[in-house]
Amino acid sequence: MKLVVAPDYETLTELAADFIAETVADKPDAVLALPTGSTPLGAYRRLILKARHGHLDLSRVTTFNLDEYVGVGLRDPLSYHAYMTEHLFSQVNVDPARIHLPDGLAPDPEAEGRRYEAEITRAGGIDLAVLGIGANGHIGFNEPGGPFESRTRPVRLSAETIVAMQAEAPSEGRLPVTALTLGIATIMEARQVLLLAAGPEKAEAVARALQGPVDVAVPASVLQRHPRATFLVDREAASRLK
Ligand code: PGA
């Protein structure tokens, strides 16, 4: 696994945006898996600026988000649909027909997971999966203990994750306890992975993922087995590395 330590969050966002833009420059019809949360916000801002200045053309890319809350509709401000529209999609030239997120209102979430997997396969697989990491080591919403063989499916969120997500939710509404997430096996099949981590609260998870044993207790540790995974972290998130 490759490790890049940025001196601060701003530099991390710059390097992340460059990484994504280079992937698209190399392959204009790249298939990207994209995260939500607070960490990628700066990178999305920089991608928007690149696009505005004519340095990035997203018109042929296909996107798959990592996850979505079950029971939350796409126009609900709590949804990751709404987050992506606000923070990226409404401000760049991604073709709406090539944007994919799990449908939080699908009547059968298990079937929705299978449908989403089939869409990824139909798109030719994921070229670059951009990930965050939970303080508990989760990737997507694959919480500790989830099997490495998992595919896209509904999962129950841990109490710790719900507290973290509630803190950054755009409104007071209560978050669901279930979400649809790409599986760990699905993420591992991406041809390249870029994991972003910022801040001291991620330091323990980053150290365990990079330097601990590969164990379902720390889902991100599975990336040690990925042939092209990069951890891009700021100095605070790197502070527990040996
Ligand atoms: P964050 O979330 O970027 O909001 O910290 C990351 C995650 O939980 O995967």
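In this predicted model, a polar side-chain atom of Thr-39 lies 2.4 Å from an oxygen atom of the ligand. Glu-168 places a polar side-chain atom 2.7 Å from a ligand oxygen. For Lys-202, an N or O atom of the side chain is 2.5 Å from an oxygen atom of the ligand. Polar contacts are pairs of N or O atoms within 3.5 Å. Taken alone, the ligand exposes 280 Å², of which the protein buries 88%. Areas come from the Shrake-Rupley method with a 1.4 Å probe.

Residues are numbered from 1 along each chain as its sequence is written. Local features need pLDDT of at least 70, side-chain atom pairs count only at pLDDT 80 or more, totals for chains, interfaces and linings use all residues, and side-chain values use heavy atoms, with hydrogens and water left out.

The residues around the ligand (a heavy atom within 4 Å) include Gly-37, Ser-38, His-138 and Met-165. By class, this shell has 2 nonpolar, 6 polar and 2 charged residues. Gly counts as polar in this scheme.

Aromatic pairs (ring centres within 6.5 Å) number 5. Phe-64 and Tyr-116 form one that is edge-to-face (planes over 60 degrees apart), at 5.5 Å centre to centre and 85° between the planes. Phe-64 lies in strand 3 (residues 62-65) and Tyr-116 in helix 4 (residues 109-122), so the pair ties together parts 52 residues apart in sequence. Helices (H or I, at least four residues) and strands (E, at least two) are DSSP runs, numbered from the N terminus.

Terms used
A polar contact is a pair of N or O atoms within 3.5 Å; within protein, one must be able to donate a hydrogen and the other to accept it, and residues adjacent in sequence count only if both atoms are side-chain atoms. Rings of Phe, Tyr and Trp (its six-membered ring) pair if their centres lie within 6.5 Å; planes under 30 degrees apart count as stacked, over 60 as edge-to-face and the rest as tilted.
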